[in-house]
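Hi everyone, thanks for coming. Let me put the structure up, and then we'll walk through a few parts of it together.

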Amino acid sequence: MPIASNHPLCAISRWYADRCRSPATRYRHRAALRQGDDLLGFHLHFGRGPVLNPVPENRARRATLAHRSPLEVSGRHRRGRLRPKVPVRQPRAIPDTQWEELLARMRYARDRALLACYVSSGARATELLGVGLTDVDWQKGRLWVVSKGTRDRQPVPVSPEALAYLAAYLDDAGLPDDRGPIWRTRRGETRPLTYWAARRRFPSVSLSESVP
């Protein structure tokens, strides 16, 4: 059954085509539409169709990935119809000179230590803000955090430079309580640093050169 031009799915497709310029965004939207068999079944039940999914199935991809062990290297397959080509992006990075300049623009030792631990450990913000003094392994260079997903306590590596900034911060602000987090507020009554308070500590900084 052909799809009517006034069908809701066609209207959604035209809206995405006009406003969503990113190939990755269009690819995700069409993949979600391809999986929307329940939505199509709902329209078909009330006689609004279409009978077939407007996004064709990628049979080459299904045949390549069928009955394949996760340990095997996935084979190459042709891109399906209506799937835009998504370019492979290279990770963004800044040179060491700009990294040192960024740390130098941080006014307080706490902010420099927090930024260095964020970048070197790769931990989530909420995971890092919950680190206590007993969670810092100075000898092995790692921090113990509570994972957001599993709620398990697991270690994450951290650079020696980040530990040096952390030691300077603790020397300046003093040691926290035994059960309290190491990241605390600077003004007024000492309180644990919240996510939104930590986020406000890192405004956009204008560096001397553009980031590639």
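Let's begin with a question: is Asp137 buried or exposed? Asp137 is buried, since its relative accessible area is 18%, and buried here means under 20%, with exposed meaning over 50% (1.4 Å probe, protein chains only). A word on the source: this is a predicted model, where local features need pLDDT of at least 70, side-chain atom pairs count only at pLDDT 80 or more, and totals for chains, interfaces and linings use all residues. Residues are numbered from 1 along each chain as its sequence is written, and side-chain values use heavy atoms, leaving out hydrogens and water.

Asp137 sits in strand 1, residues 136–137; strands are DSSP runs of E, at least two residues, and helices are runs of H or I, at least four, numbered from the N terminus. A polar atom of the Asp137 side chain lies 3.3 Å from the backbone nitrogen of Lys140. Beyond its neighbours within four places in sequence, Asp137 is in contact (heavy atoms within 4.5 Å) with Arg142 and Trp144.

Strands 1 and 2 run antiparallel, joined by 2 bridges; DSSP must find at least two bridges for strands to pair. Val136 has Leu143 as its bridge partner. The two strands form a hairpin with 4 residues between them, and Gly141 in the turn has a positive phi of about 65°.

On its way onward, strand 2 is joined to strand 3 (residues 153–157) by 5 bridges, again antiparallel, with Arg142 opposite Pro157.

Methods:
A polar contact is a pair of N or O atoms within 3.5 Å; within protein, one must be able to donate a hydrogen and the other to accept it, and residues adjacent in sequence count only if both atoms are side-chain atoms.
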